[in-house]
Amino acid sequence: MAINLKTLLAQPPKLHEKDGQLVSIWRIDHTTCVELNTRLKPGMNTLETGSGLSTIIFAANRCRHTCIVPIKGEVDRIQDYCSSASIDTSNVQFVIAKSGEVIHQMSRSAYDVILIDGCHGFPSAFVDFYYATKALRLGGTLIVDDLHIDTCNLIASFMQSDAGWDVVLMNQRVAIGIKVSDTIDNEWIRQPFVVLRSNPPSVMSRPLYYAGVGLRSLLAEGVGKTAKKVVRKLSGATRWHAIR
Ligand SMILES: C[S@@+](CC[C@H](N)C(=O)[O-])C[C@H]1O[C@@H](n2cnc3c(N)ncnc32)[C@H](O)[C@@H]1O
């Protein structure tokens with residue numbers, strides 16, 4: 001059955017348990033529901049970490065969907081809801097596990113759409129991102145939810161800076177990127193995101209970088225302290241990032 005998103009969002013099912021109560025507040029937001037629903041087509045190969053309202057949207061669009069989630073109770077509630085709403089879940093495969101333990105086993109370059117919305121902790125979110133990127137086909141779509149959490153925001157900012165991604169939507173809550181090339185195993189030196197946060201090896205190799213750092217130090221700490229740091233840097237002694 002095609003999904004009626006308006007009806008679903010008017011009365012979202014309570015699928016997650018928080019402090020012993022069932023809640024519906026952990027779901028993807030309205031914009032993400034619409035974006036996801038618009039992108040899905042029957043027969044697409046899709047994957048998500050975490051489960052909930054999003055899983056129902058994947059199922060209702062008749063995707064060949066894999067959902068990795070460690071909590072069996074959530075799976076039961078999703079299946080109950082789908083059966084009461086005549087949504088077929090026979091194409092949904094639930095993998096009851098923490099994503100970090102199984103996501104590396106997903107087929108490579110095989111998925112059309114992937115949603116990362118499982119464990120948002122460090123480094124789990126990054127492990128999901130790494131293997132989800134490998135599992136995604138070129139031209140496929142990656143959705144990263146919960147950008148108000150720093151781990152997720154870092155992933156989205158990385159995607160924005162990286163040649164492997166065309167980020168088509170990024171707001172306070174969600175990032176949606178199209179995988180345009182395979183860059184996930186690049187060395188840091190080819191990743192502007194990492195280079196700009198790193199301490200380059202010598203002043204001569206990055207004169208503009210150091211001019212900027214020096215100027216910021218000058219404004220923040222004055223001539224005396226900056227001059228001392230410049231001398232120490234030139235003699236190779238200082239931890240330059242301390243003055244950024
Ligand atoms: C924010 S909720 C997901 C919301 C869901 N996308 C929706 O639209 O309702 C986070 C989900 O991550 C799951 N989760 C927690 N730790 C996980 C882990 N290590 N691996 C995979 N999923 C995890 C939770 O059980 C929960 O389903």
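Modeller: By class, the shell around the ligand has eight nonpolar, ten polar and four charged residues. Here Ala, Val, Leu, Ile, Met, Phe, Trp, Tyr, Cys and Pro count as nonpolar, Asp, Glu, Lys and Arg as charged, and the others, Gly among them, as polar. Keep in mind that this is a predicted model: local features need pLDDT of at least 70, side-chain atom pairs count only at pLDDT 80 or more, and totals for chains, interfaces and linings use all residues. Numbering starts from 1 along each chain as its sequence is written.

That shell holds 22 residues, and Arg27, Gly50, Gly52, Lys98 and Gly118 come nearest to the ligand (a residue is near if its C-beta atom, placed from the backbone, lies within 6 Å). Helix H3 (53–60), strand S4 (64–69) and helix H5 (99–102) are the elements giving two or more residues to the shell; helices (H or I, at least four residues) and strands (E, at least two) are DSSP runs, numbered from the N terminus.

H3 packs on helix H4 (residues 72–84) at an angle of about 45°, with the axes 10 Å apart. Those axes are lines fitted to C-alpha atoms, for helices over the stretch in contact, and angles run from 0 to 180 degrees between N-to-C directions. H3 and H4 are therefore oblique to each other: under 35 degrees counts as roughly parallel, over 145 as roughly antiparallel, 65 to 115 as roughly perpendicular and the rest as oblique. The H3/H4 crossing is right-handed, that is, the near helix is turned clockwise from the far one by less than a right angle. Thr55, Ile56 and Ala59 in H3 meet Ile78, Tyr81 and Cys82 in H4 (contact is C-beta atoms, placed from the backbone, within 7 Å). The residues of this contact split into five nonpolar, one polar and no charged.

Ala125, Phe126 and Phe129 of H6 make the contact with Thr151, Cys152 and Ile155 of H7.

One backbone detail: a cis peptide bond joins Phe122 and Pro123, with omega about 0°. Most peptide bonds are trans. Pro123 sits in the loop between strand S6 (111–116) and H6.

How values were computed:
Two residues are in contact if their C-beta atoms, placed from the backbone, lie within 7 Å.
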